[in-house]
Amino acid sequence: MKVNGDLAVFNIHAKQALTENGWQSDVQISVSDDGRITAVGPQTSQASHTLDLVLPAPTNLHSHAFQRAMSGLTEGRGPDPKDSFWTWRKLMYRFLDQLTPDQVEAIASLVFMEMLEAGYGSVVEFHYLHHDVGGQTYENLAEMSERIVAAADQTGIGLTLLPVLYQFGGCDRRPLAGGQKRFSNDPEQYLRLHEAASAAVGQGPDDFNIGVAPHSLRAVDTDGMASVIGLGDGPIHMHLAEQVAEVEEVLHHRGARPTEWLLDNYDVNKDWCLIHCTQMNSDETRNLAKTGAVAGLCPITESNLGDGIFNGTDFLSSGGTVGFGSDSNVHISLFDELRVLEYSQRLRDRSRAALATREKSTGRVLFEQATLGGRQAAGRECGVVRAGAFADLIGINTLNHRLMGRRKDVALDTMIFGGHGQTSITDVWSAGRHVVRNSKHTVREKITNSYVEALEALQGDL
């Protein structure tokens, strides 16, 4: 590891902490040299760190790291009088024609650093940029996967890598074209790529793992789905029902809406994470909730792309679980993702405290969903303050003009809805690696300099 030279047994004294048993005061959190929490209880030993408030660090369950470098480049009005997700894709594919492996690693390192500073302890990287420009495979089939692993290793973030199978340009099985060619694999080549990517992940820390990702019902056929789903026992992620045009295309070619078709044809269960799901009707919402699968939401990106509004009130009231990701990484902010979801429900229904319960505030519900859904989607024992879990932890300073010493649910609500939650983060640990100190990543300057060099080389072509 590049950032864990001090990984050792240590104790944290939390004046208040959100644990698996709810809020506790004056808690000792003990961490072993394997990066796991060994005990949570009364303060009995000298503390290495004393913090006002400790939260479990959630998983960012959906990221396309390379897209971070496009932030701000797609906000002008294009020639199409009705700009949409599909016009955004055109620039993304042009952008893809420039990227080198070194640039991808530099961009991913900055993204993962920003995630840690925002309070995420780990990331699920939905990784589909596999090949060279034009679709030519690298001599090392897993070259790009290895760059993602290297970026996670440099920053110290926990990683679940999802190599993506992407076969076609649509349900009509049209060939991939332009920038899409860099994504392309048939099932046989994908199996070889996944094996090589697994080897790369195996060289990382013990908390790194791997899953699979059939890209979407538009991009993968039934044979491809079968080959991917049967591979290993890790998490299964897939884009589902994001855009109206996608729903119409799947309905036309498969005779059913995407969520309906998937639930009718596959044993969707707790191993699955379906991303976006912003175009579901009421029956689909309730039926997906019953499966135990996570709905992976990316409210900032979904807002930026005009995807639509996830039916969060019905999904959660039906027993569903959600988690949060930053997807295109146009803006990386854990607390903002939570707030945008809640505000979307309020705007749609003209309500307030849409996702709160009688027992828990809106912020508490949102944050606990983020930790629960992220843990399940990553296939990683994290996002909870309890013995045996990885020590993914956020340290918060509450003694400032933002939080004014607030406690428990009120402190969470203030961080989420006050708009400045991240400014109170002082420390972040990922599997015991102390990666953020004094509100900054430990190797911020090096990572930022590499990113600037990469962007300067790209900028002229964009």
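Helices (H or I, at least four residues) and strands (E, at least two) are DSSP runs, numbered from the N terminus, and I use these labels throughout my notes.

**Entry 1: ground rules.** I am working with a predicted model, in which local features need pLDDT of at least 70 and side-chain atom pairs count only at pLDDT 80 or more, while totals for chains, interfaces and linings use all residues. Residues are numbered from 1 along each chain as its sequence is written, and side-chain values use heavy atoms, with hydrogens and water left out.

**Entry 2: backbone angles.** I began with Met404, which I found in the loop between β14 and α13. Its phi is near 55°, a positive value in a residue other than glycine. Most residues other than glycine have a negative phi, so I noted this one with care. Met404 is exposed, with a relative accessible area of 59%; here buried means under 20% relative accessible area, exposed over 50%, and partly exposed in between, with a 1.4 Å probe and protein chains only.

I then looked up Ala353, which lies in the loop between α11 and α12 and has a positive phi of about 45° although it is not a glycine. With a relative accessible area of 34%, Ala353 is partly exposed.

**Entry 3: helix α13.** Which residues of helix α13 (residues 408-417) are buried? I listed Asp409, Ala411, Leu412, Thr414, Met415 and Ile416. These buried residues pack against strands β1 (10-19), β2 (22-31), β4 (49-56) and β14 (393-396), and against helices α11 (334-349) and α12 (362-378), where contact means heavy atoms within 4.5 Å. Just after α13, Gly419 takes a positive phi of about 85°.

**Entry 4: helices α7 and α8.** Two packed helices are described by the angle between their axes and the distance between the axes. I looked up helix α7 (residues 258-265) and helix α8 (residues 282-291), whose axes come within 10 Å and cross at roughly 40°; axes are lines fitted to C-alpha atoms, for helices over the stretch in contact, and angles run from 0 to 180 degrees between N-to-C directions. The contact is made by Thr259, Glu260 and Leu263 of α7 together with Glu284, Asn287, Leu288 and Thr291 of α8. By class, I have two nonpolar, three polar and two charged residues in the contact of α7 with α8, where Ala, Val, Leu, Ile, Met, Phe, Trp, Tyr, Cys and Pro count as nonpolar, Asp, Glu, Lys and Arg as charged, and the others, Gly among them, as polar.

**Entry 5: aromatic rings.** How many aromatic pairs does a search of the whole structure find? The search finds ten, with rings of Phe, Tyr and Trp (its six-membered ring) pairing if their centres lie within 6.5 Å, and with planes under 30 degrees apart counted as stacked, over 60 as edge-to-face and the rest as tilted. Trp261 and Tyr266 form a tilted pair, 5.9 Å centre to centre with 55° between the planes. Tyr266 also pairs with Trp272, again tilted, at 6.3 Å centre to centre and 45° between the planes. I checked burial for each of these residues: Trp261 counts as buried at 11% relative accessibility, Tyr266 is buried at 19%, and Trp272 counts as buried at 3%. Elsewhere, ring pairs link Phe66, Phe126, Tyr128, Tyr166 and Phe183 into a cluster.

I also looked for charges over rings, which requires NZ of Lys or CZ of Arg within 6 Å of the ring centre and within 35 degrees of the ring normal. Arg254 lies over the face of Trp261, at 4.4 Å from the ring centre, and the charged end of Arg346 sits over the ring of Phe417, 5.3 Å from its centre.

**Entry 6: single residues.** Is Gly325 buried or exposed? Gly325 is buried, with a relative accessible area of 0%, and its place is in the loop between β13 (321-324) and α11. Leaving aside neighbours within four places in sequence, I find Gly325 in contact with Asn60, Leu61, His62, Leu297, Cys298 and Glu337.

Gln189, in helix α4 (residues 187-202), is buried at a relative accessible area of 18%. With its neighbours within four places in sequence left aside, Gln189 is in contact with His131, Thr137, Leu141 and Ser184.

Not counting residues up to four places away in sequence, Val40 touches Thr19, Val27, Gln28, Val385, Arg386 and Ala387.
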